[in-house]
Structure formats: structure tokens, C-alpha cells
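Please find below a short note on the model shown here.

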Amino acid sequence: MSRHLRFTIIFGVALSILPISQAADLELVDIAKVDPTIVIDLRYATEHNVTGHALYPPGTHALILPSVAQQLAGAQNYLKQFRYRLKIWDAYRPKEAQELLWKYASKDQYVANPERGFGSMHSFGVSVDATLVDDWSQDVSMPTKFDEFTPQAMLRYSGRDAFVKQHLTLLQIAMAHNNFYGLRVEWWHFTTADWKKFVPYWEDKQMSQTGETPSPKS
């Protein structure tokens, strides 16, 4: 059986599960309804992601915790004064989708193993993947494309393109001013600083035994 066929079979089963389990224990809101000016482009609802397959069922909305949605609206208001806007590439990610992402793009430095620790921060509605667009909703230059797991995707830009540095700095400032912090290896990933209120990280036996602070992944 080919890899593509195996993926099709597994993905078909996952689609039948997602609508039932999605947000079962979370109170989530649609980002587009909280702030319609935020551009939504869920890459895992398309083939334009690292797996080459759609991981979300058709019509999936960009969902997030209500408090995080308000933080995004604050970041959007900050950006508007500079004639830029947010584009959301990913928000809440059901565990079933995380399992598929891990299976077909398992890069431990970047992707969280859904069966280890507390999994992905996306699965708790506390993280988003975001970039900038201009007033005409056109993408602006950034260090890399989405899901480009390379050294160039690091939080701190080391390149020489002044426009890329300007855009990335603006995005990071807007998010930081609204209680988000970034991920060291993915410039597009942002998590609310209040994530510990919503993520049961204390249930991770390894963390509880060592007393270490969890290191969130995508």
C-alpha cells in the first residue's frame, strides 16, 4: 500500500472524528467574529503546509480562547496605525490533527508529540501562527514561508533584508504589547503569556518530577 493511500485512509477516519471531539472541553470563539479585519488563512485546511495534505475538514474556522481572541484584536489595533494587519495561519488545532501532523512531519525540534507531555499549545487554544499583510491584504516579506523548518525560521532574524527585519520586528512588538511571546525556532508562532491558566502542564509526570518549566512547541 502506498504512503499516499495510507494517508488517505487514516485522514478519512480522522475527518469523521474531528467535528465530534473538536473543542469538546474548551470554550472557543471564532477569531473572524471577534475581529473581522483579521485575515484568516488556515494552512492546515489546505494542502499548503509541511505535510502536503489538508489536516482540517472543509469549512473549519479559526478558533481560539476568548481572552486570546481579545489579545489578537489588541494586536490588530496596534498594527492598523502602521497600515498593516494580522493574518492567522493556524489557531486551535484538535489533537487528531496534531497526531496527523506528527505522523507526517515529525521533527521533534519543531512539532510537539501529541502523546508526550501536554502536546501542542495549539490544542489548548492558547497559540496562533501569524504573519503580516498590508492594507490590500497582500503578504509582506518575512524571513521564511509557513512551516519552513530551517535555521532561517528562528525568532531572531539574522538576515540583511531591512524590510524583512522591519516587518518581523513590527509583528513581534504588536504581539508582545498584547501579552504574547514567540517561539525560538518559529518566528510565526505566538503563545499567550497566560497559557499556564489553561494548559494542564502539571499533569506531565516528567515535569512534576524534575520541577522543570515546560518548553512549548508548535
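1. Contact here means heavy atoms within 4.5 Å. The model is predicted, so local features need pLDDT of at least 70 and side-chain atom pairs count only at pLDDT 80 or more, while totals for chains, interfaces and linings use all residues. Residues are numbered from 1 along each chain as its sequence is written, and side-chain values use heavy atoms, with hydrogens and water left out.

2. Leu-86 touches Ile-38, Val-39, Leu-72, Ala-75, Gln-76, Leu-79, Ala-130, Thr-131, Val-133, Leu-171 and Met-175, residues up to four places away in sequence not being counted.

3. A nonpolar core is a set of buried Ala, Val, Leu, Ile, Met, Phe, Trp, Tyr and Cys residues joined through side-chain atoms within 4.5 Å; buried means under 20% relative accessible area (1.4 Å probe, protein chains only). The largest such core has 51 residues, of which Leu-72, Leu-86, Val-128 and Met-175 touch the most other members. Elements that each supply at least two of its residues include helix H3 (66-80), strand S4 (84-90) and helix H5 (162-176). Helices (H or I, at least four residues) and strands (E, at least two) are DSSP runs, numbered from the N terminus.

4. H3 and H5 pack at an angle of about 135 degrees, their axes 8 Å apart; axes are lines fitted to C-alpha atoms over the stretch in contact, and angles run from 0 to 180 degrees between N-to-C directions. The contact involves Leu-72, Ala-75, Tyr-78 and Leu-79 of H3 with Leu-170, Ile-173, Ala-174 and Met-175 of H5.

5. Glu-186 lies in strand S7 and is buried, at a relative accessible area of 0%. Its C-alpha atom is separated by 5.4 Å from that of Met-154, 32 residues apart along the chain.

Technical notes. Buried < 20%, exposed > 50% of the residue type's maximum accessible area, 1.4 Å probe, protein only.
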